[in-house]
Amino acid sequence: MTSTLKSVYHLTSFSWYVLIVKSLADKDGEELPTGIFVYGGPWKYLTFLNLLLQMSFFGLAAVTDLQPEEKSQSTLHRCKDLLFAVFAFPVGMFVVLLFWTIFAYDRELVYPANIDTFFPPWINHSMHTFVLPILLGEVLVQPHIYPSTKHALAALGLVGLSYLFWIIWVYLSVGIWVYPLLGHFSTIGLVGFFFFNMSVVTLLYVLGDKLNSYLWGKRQFHYTNPSSHAPFGPLSFSVFLCVSFR
């Protein structure tokens, strides 16, 4: 795909997510339907966090498109690839697949019918459906450099645990689960459900890696190790994540 079409795709996708997030922000102040509570605001919902994740990725991608081709191996490009490979693709695909699987079984467990009066159908599909084709489109638009699997899974595990602790904190604070489904599990069941979800996210990460390799081939990229120019400093952790590609 030409650089112009790639830039248009990234800018259009970024604008789309900005529109959705703005539409959700405009709901602030409206009377909430049963099933949605004030504590934690939209930040307690993985769907909303995923929208911000997708918006951030496509915004970063649009910015990197402005860089000259000779800077295609810059730290900014590496961070963009890391964000897509480790978080945007597996988490975005997970949100779509898990939501519609539970919705098909019993929508009241994840998206009660009375919420339809608060969120029109187009917003529901924007949050839970269109994410998937947009991500697959990104896979077709350009190749992405994937990090080593152990680093990727460590990052995913850390983020997954952080979100688990967050929704447990919400429950302990107000006595209501973010998703009604969680109230049907015992403590052991919750642990099993978490590990099941992390297994699915892991498989989706592997799927993204395989799709990238299948479509674009095994390309070898050689980055300069920052440690050869500077000592291990305060910013080393974020830089390390962006440069520790195989």
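**Helix packing around H3**

Author: Let's start with H3 and helix H7 (residues 187-216), whose axes come within 9 Å and cross at roughly 120°. Angles of 65 to 115 degrees would count as roughly perpendicular and those over 145 as roughly antiparallel, so H3 ends up oblique to H7. Keep in mind that this is a predicted model. The crossing of H3 past H7 is right-handed. On the H3 side, the residues that meet H7 are Ala 85, Val 86, Phe 89, Pro 90, Met 93, Phe 94, Leu 97 and Leu 98. Facing them from H7 you'll find Asn 197, Val 200, Val 201, Leu 204, Tyr 205, Leu 207, Gly 208 and Leu 211.

Now stay on H3, which spans residues 75-106, and look at how it packs with H4: the angle is about 125° and the axes are 8 Å apart. That makes H3 oblique to H4. Here H3 brings Val 95, Val 96, Phe 99 and Trp 100 to the contact, while H4 supplies Asn 124, His 125, Met 127 and His 128.

H4 (residues 121-128) also packs with helix H1 (residues 3-25), at an angle of about 125° and with the axes 11 Å apart. Again, that makes H1 oblique to H4. This crossing of H1 and H4 is left-handed. From H1, Trp 16, Ile 20, Ser 23 and Leu 24 meet Trp 122, Ile 123, Ser 126 and Met 127 of H4.

While you're on H1, have a look at Lys 6. Lys 6 makes a salt bridge with Asp 65, and their closest N and O atoms are 4.0 Å apart. This pair ties together distant parts of the chain: Lys 6 belongs to helix H1, whereas Asp 65 lies in the loop between helix H2 (46-64) and H3, 59 residues apart. The count of salt bridges comes to five.

Finally, a stop at the surface. Tyr 39, Trp 169, Val 174 and Ile 176 form a nonpolar patch there, with about 370 Å² of accessible area together. Of these, Trp 169 is found in helix H6, residues 149-174.

Conventions
Residues numbered from 1 in each chain as written. Predicted model: local features only at pLDDT ≥ 70, side-chain atom pairs only at ≥ 80, totals over all residues. Heavy atoms only, no water. Patch = residues over 30% accessible without salt bridge, like charges linked within 9 Å, V, L, I, M, F, W, Y side chains within 5 Å. Areas by Shrake-Rupley, 256 points an atom, 1.4 Å probe, with all protein chains shown as cover. Salt bridge = Lys/Arg side-chain N within 4 Å of Asp/Glu carboxyl O. Helix = DSSP H or I, 4+ residues; strand = E, 2+ residues; numbered from the N terminus. Axes fitted to C-alpha atoms, helices over the stretch in contact; angles between N-to-C directions. Parallel < 35°, antiparallel > 145°, perpendicular 65-115°, else oblique. Left-handed = near helix turned anticlockwise from the far one by under 90°. Contact = heavy atoms within 4.5 Å.
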